[in-house]
Amino acid sequence: MCGAKSKSLAFTGLLLNCLEMIFSANTGFSVSLYDVTSQSISLRWPKFSGASSYRVTATAVNTVGHSLLAHFSDVTLKATLTSLIPNTVYAIQAEAIDKNGIILAETQIMQSTAPDIPVIDQAYSKLSNSITVEWRAVPGATSYMLTAQDGDSFIETVVKNSPGTVTGLQPATLYRITIRSINSGGKSQPSPFRKVKTVLAAPILSVSSPSCDSIALSWKAVYMAAGFSVSLMRSDGLGRMLRENTTSTSLIFTNLDPGTLYTIKAYAWNANGMPGDDFTYNQRTIPCAPVNISIEEDEPGHLLVSWSSISFGHYYVVFVKSDDGLEVHCNTSYTQCHFQSDCGFTYFISVFAYNKAGQSPLGDVFNYTTAPCCPSDFRAVFVSSDTVRVTWAPVRGADLYETRAAAWSTVVLCNDTAPACTLSALQCNTRYHITVHSFSEARGSNTSCAPKHVETAPCSPEIKNVSKEGLSVISVQWQSNSEDATYVVTARGEAGLWHCTSTGSSCTLTDLPCGSAFSVSAIARSPAGQSLPSYSVPLEMAPCCPNDLILTQVTQSVTNISWSAGKGAQTYVTTLESPKGQAKCRTLQNYCLLGCITCGTNYTVSLKAISETGLTSSCTYQGYSSSACCPSGVKLYRLSNNGIRVFWRASDETMNYSTDLRGSKGNFTCTPSAGRSHCDITEIPCGDVYTVVVVPLTDKGPKLTFCPKKIYSVTCSGSSVGMVIYRGKSNAEHI
């Protein structure tokens, strides 16, 4: 009866894929698949109530006489049916049976086995990142899975038929290759494996043509490579192929044709001589350098560079670099270039030929030197009453200068390699005819330099008097000895330079900074030049008042006063003064402590800055108000409502106060209205020690930190506040 039902289900049921389930309509008993191979089907089922054993029957649908029957105890809930026919559809029936042999429930599924296990005919690697596998087709297989395994890592590829290729592999690596056949039922077991090693990776070439007849190659080492083979041949097929085998990672081919395109191919081989991937590169050789280069100055300021034409040169570039580092160039397809030139320069000239491969090697470098330039911006500076120093900017190409000064019948000559000449025994305010010639070893003298008419500088003035006319004003007087001169008085010090100018015999220096020392001197200027400075006169200004002055109340009766340093000051005297008294200190520092300060009092602030020589500056600052007075008699009292009252004696009945209590169980603050001298804090935790401080509140800054702090213990009486005990004063700076 069961066999008849199974056959009926086999003909009328649906063909299901792997893991498909069919439930019994009456009982809910089901069976599920969890693995299918070529000759086995694995299934599982849930425990069925009342069953003492299970029976599983697998019958081939299209094969006569092939069935399999298996019995399992009630503790076995899964089974694997083996010895099945590959690529065959089976009707699988599972039955739950009680101890009397009665079938309690049954269910059936249809499942095909996987195709037969394929056999690898051959496996080989032609590229460094892949392995190709060939096999015989397996009946019923719709596709195949190729697996390449290297240790714990593997790569899988699904293909339709043979041959198939696994890609994404590493070069020179040994892989285990297996293949599995696939149909709608599942995958077969893996085939027996084949070991195959991928071929070597190709060397990556770095190619250049260092000369017109050579090509240089280099590459990085290739993993597992025992050597390399490199071949080179003209890309147009002419000539013979050059081949080199080497174990090195660099190679140079020489005796090549200039300006010619070559094709280069390289590959590595392993210890067994098996070649790997190849790398192909095209490289053209840099043409030969031009020859027969000539340079001439066809006219002043113009250079002509010419050369002979060369084979395989598409165009030429001429580089002209002057000895100051400036470089210009000319691109041309002809065999000459024109350049502008300047006097006193040495030019270095090189010519390169170019084609598609790039630049030719460097040939001969030529140089050409032009005549030295003429000094044209020289000037005469008065050094003393009878000496003029003539200076000029160095000119290009000059190795030697000759300076000639003539006035009336007097001639003075000076030869020097430096761009300066001192002409002595001259008269001030005298007109001289001065010429400077330049000489060079390469081109000789430039005698075309134009002369100049130069007047010697005026004589030095003599300061007669320096007087102070105000806080930062100084008047300087001198003796004038030239009617056409302009006089400049300079006060020179660490603070800088101050000047005043006059055509007469006096001028005034203003806005001189305080605390500074100066040296005052005067010079005379005319269109001809500048005299030597006069003898210097020392000058000292009164010290500066400090810019910043800060007053900080340390306690109710002590105030710290500090200030920024006043330039030029050595000693300071500070004073705080009010109708109630005066506090004063004298110090070498920039701070001091002033005692006997009355709280809540307005003071005037003054400071005297005194220099080392006794010069004094009186400084006034904004007034200072000492802090409000701290209250006295601070005490704590227990209230009946589990609270605390803080009481004090106010120093000012109009003052507002703030009360702070801080303990381990909490911090409390209260601020009563003006005029009150107590504050109540409700619901304060008992059993704690509190630090109490009462400070006056003002709108001039933060709370005072120097008011006295007292310590109280608040005990517990049950859960309520008990006794309040005074424990003394706190030494802490802040609460």
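Residues are numbered from 1 along each chain as its sequence is written, and side-chain values use heavy atoms, without hydrogens and water. Because the model is predicted, local features need pLDDT of at least 70 and side-chain atom pairs count only at pLDDT 80 or more, while totals for chains, interfaces and linings use all residues.

**Exercise 1. Find the strand order of the open sheet of 3 strands, and name its edge strands.**

Step 1. Know the terms. Strands are DSSP runs (E, at least two residues), numbered from the N terminus. Two strands pair if DSSP finds at least two bridges between them.

Step 2. Read the order. It is β47-β48-β51, with antiparallel pairing.

Step 3. Pick the edges. β47 (549-553) and β51 (591-594) each pair on one side only.

Step 4. Check one pair. β47 and β48 (residues 559-563) are joined over 5 bridges in the antiparallel sense. I550 stands opposite S562 in β48.

Step 5. From one strand to the next it averages 20 degrees. Axes here are lines fitted to C-alpha atoms, and angles run from 0 to 180 degrees between N-to-C directions.

**Exercise 2. Describe the disulfide of C585 and C592: what is its handedness, and are its cysteines buried or exposed?**

Step 1. Recall the bond. A disulfide is a covalent bond between the sulfur atoms of two cysteines. The test used is a pair of cysteine sulfur atoms within 2.5 Å.

Step 2. Apply the test. The S to S distance for C585 and C592 is 2.1 Å.

Step 3. Read the torsion. About the S-S bond it is about -70 degrees, so this disulfide is left-handed.

Step 4. Buried means under 20% relative accessible area, exposed over 50%, and partly exposed in between (1.4 Å probe, protein chains only). C585 has 13%, so it is buried. C592 has 8% and is buried.

**Exercise 3. Which parts of the chain does the disulfide of C630 and C707 tie together?**

Step 1. Confirm the bond. The sulfurs of C630 and C707 are 1.9 Å apart.

Step 2. C630 lies in the loop between β53 (616-625) and β54 (632-638), and C707 in the loop between β59 (688-697) and β60 (709-717), so the pair ties together parts 77 residues apart in sequence.

Step 3. C630, at 12% relative accessibility, is buried. C707, at 2%, is buried.

Note on methods:
Helix = DSSP H or I, 4+ residues; strand = E, 2+ residues; numbered from the N terminus.
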